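Student: I have a two-chain model open and would like to learn how to read it. Could we go through it together?

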Amino acid sequence: MDDFEPLDLGKFRDIVRRESARLRLRPGPDEREITFTLALALSAAVKKIFYEKSATVFSDEPRIMIKPVVHYAQRMRIDAMEKYNAPSVFSVIQLGVNEEALGRQEYQMTVIIYLERKFLPEFLRLLQYPYIDSDDDLEAKDGCGAVVNLIVGQYKNEMAILGYKDLTMSHFESFINTAVDGVGIPKGVFDKYEIDFEIEEANRLVIEMMTLPSLPKNIQR
Amino acid sequence: MKILVVDDSLLDRKLLIRVLMKSGITQEILQAEDGEQAMEVLATNYRDICLILLDWQMPKMSGIELMAGIVKVPELSTLPIIMVTASGSDENKRMAHQVNSNLAGYLVKPYKPEELLAAIKPFLR
């Protein structure tokens, strides 16, 4: 009787990630520099949106932090309650080289925005969206999705300035408090950038970005 | 038994496989183009693999990261690994041996075919 059992790929991946982090094997300084520039461009995109659409000024410069990804199977585990310690809504968009790649879940980048549920109507008002009832799950998810669409759309412009090719956006997916099955992120990404934005001295917008360092670029002529 | 070749460069993989084939090696050769893909191949084939030829610099997951994980997985920890890399710096060699104290070899590209064959010969089953 053959008792061969394939290895648990999830556990194997976790071991690689843990050992890589313990031995500080990744990412190399060049990769970190590239991904940090992409995080800066994302924060610039958000600032530009607020500058153009609202009189709101952020209390401080966005705070950019690098945190480890908590993997769940081949996806990322999420607990939005950690961001505000209050009921939250979050929306996710993945970027891929084209529709087919997105269909195969081959992501180049994932962007997630987190908003405190009770602040969502005010946040949308700041961005000149109509009022929504944040107690209504569907309206809250849709409102948050509108914000992630707006931000990622603007972010793509910033990326084009940096010379990156136009990536295809997935449709947004929104969740209340948690995503039971986690969310799809690029393969082999172990770190995420968290960007916190303060309005009137309170943390009002949290964005997470997971990216491959080697995004496709336009050919320089 | 099988040999797993992990390298993101198709050309380098072809070159290496050609050397192996021309020398009359009969082992089946499995290929992966990065550490992630290698993990998938290892997960389902580890019992049949007698040797891993592993590049260092690869997208998504480098060879050194993969090796750091392999040595911690009981089913894989005794698999012989030969690093085949363009980086011949003493620092990298030292790091590779630190990560895997049983490292079976460290070949620097461009290698001579006879160097490759001499390195792999003890591990062919």
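Tutor: Gladly! Let us begin with burial: a residue is buried if 20 or more other C-beta atoms, placed from the backbone, lie within 10 Å of its own, exposed if 12 or fewer, and partly exposed in between. In chain B, buried residues make up 36% of the 125 residues. This is a predicted model, in which local features need pLDDT of at least 70, side-chain atom pairs count only at pLDDT 80 or more, and totals for chains, interfaces and linings use all residues. Residues are numbered from 1 along each chain as its sequence is written, while chains are lettered from A and ligands numbered from 1 in the order in which they are written.

Student: How many helices and strands does chain B have?

Tutor: Helices (H or I, at least four residues) and strands (E, at least two) are DSSP runs, numbered from the N terminus. Chain B has five helices and five strands, and its elements run β-α-β-α-β-α-β-α-β-α from the N terminus on.

Student: Which residues are buried in helix 2 of chain B, and why are they on the same side?

Tutor: In this helix, residues 35-45, the buried ones are Gly35(B), Glu36(B), Ala38(B), Met39(B), Leu42(B) and Ala43(B). They lie on the same side because they cover an arc of only 155 degrees around the axis, taking the directions from the helix axis to the C-beta atoms. Their cover includes helix 1 (9-22) of chain A, along with strand 1 (2-6), strand 2 (28-32) and helix 3 (63-70) of chain B.

Student: What does each chain bring to the contact?

Tutor: Two residues are in contact if their C-beta atoms, placed from the backbone, lie within 7 Å. Chain A gives 16 residues and chain B gives 21 residues.

Student: And how do I read a nonpolar core?

Tutor: In soluble globular proteins, nonpolar side chains tend to be buried together. A nonpolar core is a set of buried Ala, Val, Leu, Ile, Met, Phe, Trp, Tyr and Cys residues joined through C-beta atoms within 7 Å. The largest one here has 49 residues, of which Ile113(A) and Leu115(A) touch the most other members. Helix 6 of chain A provides the largest share of this core, eight residues. A second, separate core has 39 residues, including Val16(A), Val6(B), Ile64(B) and Met67(B).

Student: Which strands form the open sheet in chain A?

Tutor: Two strands pair if DSSP finds at least two bridges between them. The three strands follow the order 2-3-8, with antiparallel pairing. Strand 2 (71-72) and strand 8 (183-184) of chain A are the edges, each pairing on one side only.
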